[in-house]
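Let's walk through this structure together, one group of residues at a time. Keep the 3D view open as you read.

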Amino acid sequence: MEARAQNEKLFVGGTKRIQRARIADDGLTGIGRQRERNDHRGMLEAQSARLNAILADLSPAERLARFREEIEGKLVFTTSLGLEDQVILHLLAEQGVDVEVVTLDTGRLFSQTYELWAETERRYGTRIRAFYPQQETLEALIDEHGINGFYDSREARSACCGIRKVEPLNRALAGATGWIVGLRADQSEHRRGAALVAVDERNLLKLSPLFDWTREAVQNFALANQIPVNPLHDQGFVSIGCAPCTRAIAAGEPERAGRWWWEHDDRKECGLHVRR
Ligand code: SF4
C-alpha cells in the first residue's frame, strides 16, 4: 500500500503517467510477493531442518506425536491403504493424534483395497475421508484417451494420474500446514533422495515417519500388532495402486517395479510426491 501511495504521488497528472505508475506499482507488488514466497519457503526449510534433527532418533510413533506438537494448523495423513499406511494409521489411532485421514479413490482400485478400506474403518472406528476426481474432467479424459488410454503414452498416463490423483490430492491438502505419508527411503532410488521431513512443493512440511524402516520391519510390526493389510501383498503385489497399473513383482525386482511396468523410468511416481 505504501508503494502504491508513493507511486501515485510521483506520477500525478496525465493518463499515460498514471498508467506508468500502475505498471511500476504492479511490478513492485509482484517482486514483493515473490520475496514473501521466498521468505516463507526459507522459513519452512529451516523448520524442516530443525525437525529432522529432533525426530531422527525417535520411533515412528514418537515422530508422529512430536510432529503434531510442533506443527500448528491442519495435519493431513493420506493413505492408499498400503502396508506402510496401515502401520501409520495404527500408530495415529493408538495415540489419538489429531489429524485428518484421507484417501484418494481413483475409481480404479482393486476390490481387495475397497474391502480393506471398510475393514480398517471398522477396526479403528474411524471414517477415512475420500476424495474423488472431478466428474467433468474425468469424462473429458475418457472421451479423449479411452477407458484404458494410460497404456498408450506417457502423456495419457500422466493426464490420468493428474485427474484421478493429483488434483484430488491438492484439494485434500488445501489449507493444511503438514502432511503425513508412508514413504520409505529404500522403496526406490528416487525415494532414497527424500528426507524424514521435507518441504513439499505445495509449501507443506511432509513427514515420512517410516522413512528409515525396511519393508521387513514394517511387515513384522504389522504382523505383531495384527494390523489389517491388503491380501494382495501375499501374492507378490508390493506397492499397490490402481488395479490396471499394478502387477505383482518377482523375487529380486525393485519394490516399485510393479507400478506402470510398461514405462521405463526409474522414478515410477504419479506426481503426488514431487521434489524440487
Ligand atoms: Fe490412472 Fe493408472 Fe494413474 Fe490410476 S495409476 S490414476 S489408473 S494412470
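A salt bridge here is a side-chain nitrogen of Lys or Arg within 4 Å of a carboxyl oxygen of Asp or Glu. Before we use that rule, note that you are looking at a predicted model, in which local features need pLDDT of at least 70 and side-chain atom pairs count only at pLDDT 80 or more, while totals for chains, interfaces and linings use all residues. Residues are numbered from 1 along each chain as its sequence is written, and side-chain values use heavy atoms, with hydrogens and water left out.

Let's begin with Glu84. Its salt bridge with Arg184 has the closest N and O atoms 2.9 Å apart. This pair links distant parts of the chain, 100 residues apart: Glu84 sits in helix 4, and Arg184 in the loop between strand 4 (176–180) and helix 8 (189–192). (Helices, H or I with at least four residues, and strands, E with at least two, are DSSP runs numbered from the N terminus.) Both Glu84 and Arg184 are buried; buried means under 20% relative accessible area, exposed over 50%, and partly exposed in between, with a 1.4 Å probe and protein chains only.

Glu84 also forms a salt bridge with Arg215, where the closest N and O atoms are 3.5 Å apart. Because Glu84 lies in helix 4 and Arg215 in helix 9 (residues 215–224), this pair ties together parts that are 131 residues apart in sequence. Glu84 and Arg215 are both buried. Through shared partners, salt bridges join Glu84, Arg184, Asp186, Arg215 and Glu255 into one network.

How many salt bridges are there by this rule? The count comes to 16. Another of them is the pair of Asp98 and Arg68, whose side chains meet at 3.9 Å, N to O. Asp98 lies in the loop between helix 4 (83–95) and strand 2 (100–104) and Arg68 in helix 3 (residues 60–70), so the pair ties together parts that are 30 residues apart in sequence. Asp98 is exposed, with a relative accessible area of 55%, whereas Arg68 is buried, at 16%.

What about disulfides? With a disulfide taken as a pair of cysteine sulfur atoms within 2.5 Å, the count comes to zero. As for individual cysteines, Cys161 counts as buried at 7% relative accessibility, and Cys245 is buried at 8%.

Now turn to the surface, where Glu136, Glu139, Asp143 and Glu144 gather in a patch of negative charge. Such patches are made of residues with over 30% relative accessible area and no salt bridge, like charges being joined within 9 Å. Glu136 lies in helix 6 (residues 135–145) and counts as exposed at 67% relative accessibility.

Next, find His40 in helix 2 (residues 15–55), where it is partly exposed at 34% relative accessibility. The C-alpha atoms of His40 and Asn203 are separated by 8.3 Å, although these residues are 163 apart along the chain. Asn203 is in the loop between strand 5 (197–199) and strand 6 (205–207), and is partly exposed at 23% relative accessibility.

Finally, look at the backbone. Most residues other than glycine have a negative phi. Asn203 has a positive phi, near 60 degrees. Gln226, in the segment after helix 9, has a positive phi of about 50 degrees although it is not a glycine. Gln226 counts as exposed, at 65% relative accessibility.

Conventions
Patches are made of residues with over 30% relative accessible area and no salt bridge: like charges are joined within 9 Å, nonpolar side chains (Val, Leu, Ile, Met, Phe, Trp, Tyr) within 5 Å. Accessible areas come from the Shrake-Rupley method with a 1.4 Å probe; for residues, only the protein chains shown count as cover. Lys and Arg count as positive and Asp and Glu as negative; His and the chain ends are not counted. The place of a charge is taken as NZ of Lys, CZ of Arg, CG of Asp or CD of Glu.
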